[in-house]
Amino acid sequence: RHGLVEGDFKMRAAFIEHPRRRAYMLERMKVGTRLAIAFGIVLALLIGVVVTGVGRMAAVNDLLHSITAENNVQARGASSIREDVLRIGELTRDLILTNDDAGLQSDNQKLQQYSQSLATDVGDLDRLFGSLPSTTATEKDLMANIKQLAPDYVASAERVAQLGLKNKDADATNLLRQDFDPRSQALQPVTRQLSDFEDKQNEEA
């Protein structure tokens, strides 16, 4: 039993003495060694900070890429489609109101340009939506509606324009009200919804 007590005493003494030894060893270290250890600790901390910073910069870069390469392009595409539809509507009405040949030809040429622009813009944005995994169900649904409505909208505008070019204003007005206006009322809200949705996506990004 005496041996056990003595052994226990020695263990406690060693435990108490251990921190003292470490402190003694630290005191005996050369200044250069202490500086090297301190430098190593600071260097390790600095590396940790750099790694964390690089990771965060990569996350920010991904977000910026999403905004510039996806959201901004989508917003511009949706805005262009809406502008095309509005301009086609304005020019279709102008072809009824205008009587001089030069004005009619100019408006008709602009109508053709915006009709082609609408087809191009719809195709470009539709392909972009199809290439991005981030495309939402709302975007897909709105684009599907636009693709369905736009061709008939343009065709109706061209029929009204042909009557306007021939100065058949009464017939052109009737066709405008009975055929073109309903198609315009169906298409314009969809293009506005898509444009507003893309703007909201940009704001929330």
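Asp-121 sits in helix α3, which spans residues 101–131. Helices here are DSSP runs of H or I with at least four residues, strands are E runs of at least two, and both are numbered from the N terminus. This is a predicted model, where local features need pLDDT of at least 70 and side-chain atom pairs count only at pLDDT 80 or more, while totals for chains, interfaces and linings use all residues. Residues are numbered from 1 along each chain as its sequence is written, and side-chain values use heavy atoms, with hydrogens and water left out.

Back to Asp-121: it's buried and yet has no salt bridge, and the nearest side chain of opposite charge, Arg-127, is 8.7 Å away. Buried stands for under 20% relative accessible area, exposed for over 50%, and partly exposed for in between (1.4 Å probe, protein chains only). A salt bridge needs a side-chain nitrogen of Lys or Arg within 4 Å of a carboxyl oxygen of Asp or Glu. Beyond its neighbours within four places in sequence, Asp-121 is in contact with Ser-80, Ile-81 and Asp-84, contact being heavy atoms within 4.5 Å.

Thr-191 is 110 residues from Ile-81 in sequence, but the two are 6.8 Å apart in space, C-alpha to C-alpha.

| Residue | Relative accessible area | State |
|---|---|---|
| Ile-81 | 1% | buried |
| Asp-199 | 36% | partly exposed |
| Val-51 | 56% | exposed |

Zooming out, the protein chain has 5 helices and 0 strands. Buried residues make up 29% of its 205 residues. Of the contacts with a separation of 6 or more, 76% are between residues 24 or more positions apart. The chain exposes about 13,500 Å², with carbon and sulfur atoms supplying 57% of it; accessible areas come from the Shrake-Rupley method with a 1.4 Å probe.

Conventions:
Lys, Arg positive; Asp, Glu negative; His and termini not counted.
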